[in-house]
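Hi,

Here is the structure I promised to pass on.

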Amino acid sequence: MGVKAKKAMKKSLKKASAQPPALLSGSKTEDVDFLPLEGGPGHKLPVEKPSKSASTVLYIGRIPHGFYEKEIEGYFSQFGTIKRLRIARNKRVRLWKFLLFSNLQVAKIVAETMHNYLLFEHLLQVHLIPPEHVHPKIWKGFNYRYKPLDRVQVQRKNHNKERTLEEHKKLVNGIMQRDKKRRKKIEAAGIDYECPDIVGDTQAVPKKIRFDEE
């Protein structure tokens, strides 16, 4: 750029700074957000539309069995900070999972990434819940940690309980009837097999008997 061009640019800048903004833009100054240094019409900044969903609560469905609070928190914490986590249960062991992230963008990324994600032969259903659909009591008791029922211990306790003579006879009769059905199925299948006899089927007294006091 030559000396004359530099002088001409300085003159044009001085003229532009001396003129009022309304003359440059051809409109009111309130309608202009900023003016270019080299002169010319003003420009307006694009108006950012407010986000439709400002909620960071996620619903997660189709979680596989055994994937509970500890596993969900460990898996989804790779995306961002989890503020709250709750798995709602009912008597039929149906589960509803809710996650609360600290960042809206993180929650959107999780919903887009993990929706229809195959996890242990289950397609996860992940949705961002709108603010108007978030129940006010959704986080009530969210610190509760579920303890699964030990069914083996329940069956062991039921098997080793003390029985009366009538209860013991009923138990032995049920075992004998199931054994007869098993023998008939083996014979019907044409299998030549001699089933061993059940030991103690004629014994009337079990190991533990509760006698009713008269």
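Below is what turned up, going from aromatic rings to charged side chains.

A word on the ground rules first. This is a predicted model, so local features need pLDDT of at least 70 and side-chain atom pairs count only at pLDDT 80 or more, while totals for chains, interfaces and linings use all residues. Residues are numbered from 1 along each chain as its sequence is written, and side-chain values use heavy atoms, with hydrogens and water left out.

Let's start with the rings. Searching the whole structure gives four aromatic pairs. For a pair, the ring centres of Phe, Tyr or Trp (its six-membered ring) must lie within 6.5 Å; planes under 30 degrees apart are called stacked, over 60 edge-to-face, and the rest tilted. One of the pairs is F67 with Y75: the centres are 6.1 Å apart and the planes stand at 75°, so this one is edge-to-face. F76 and F79 make a tilted pair, because their planes are at 35°, with 6.4 Å between the centres. Ring pairs join F67, Y75, F76 and F79 into a cluster.

How covered are these rings? I use buried for under 20% relative accessible area, exposed for over 50%, and partly exposed for what lies in between (1.4 Å probe, protein chains only). F67 is buried at 10%, and F76 is buried too, with a relative accessible area of 0%. Y75, at 22%, counts as partly exposed, and so does F79 at 24%.

Y68 sits in the loop between β1 (57-61) and α3 (69-76). Helices (H or I, at least four residues) and strands (E, at least two) are DSSP runs, numbered from the N terminus. Y68 is buried, at 15% relative accessibility. From C-alpha to C-alpha, Y68 is 9.5 Å from R86, and the two are 18 residues apart in sequence.

Now for the charges. Side chains of opposite charge can pair when their charged atoms come close. Here a salt bridge needs a side-chain nitrogen of Lys or Arg within 4 Å of a carboxyl oxygen of Asp or Glu, and the count by that rule is three.

Which residues are linked in a network of salt bridges? They are D179, R182, R183 and D197. D179 meets R182 at 3.1 Å, N to O; these two are three residues apart in helix α6 (residues 165-188), which puts about one helical turn between them. D179 also bridges to R183, with the closest N and O atoms 2.7 Å apart. That pair lies in helix α6 as well, four residues apart, again about one turn. R183 in turn forms a salt bridge with D197, at 3.8 Å between the closest N and O atoms. This last pair links distant parts of the chain, since R183 is in helix α6 and D197 is in the segment after α6, 14 residues apart.

D179 is buried at 9%, R182 is partly exposed at 45%, R183 is partly exposed at 25%, and D197 is exposed at 67%.

Finally, take a look at K6, which is in helix α1 (residues 3-18) and is partly exposed, with a relative accessible area of 47%.

Enjoy browsing!
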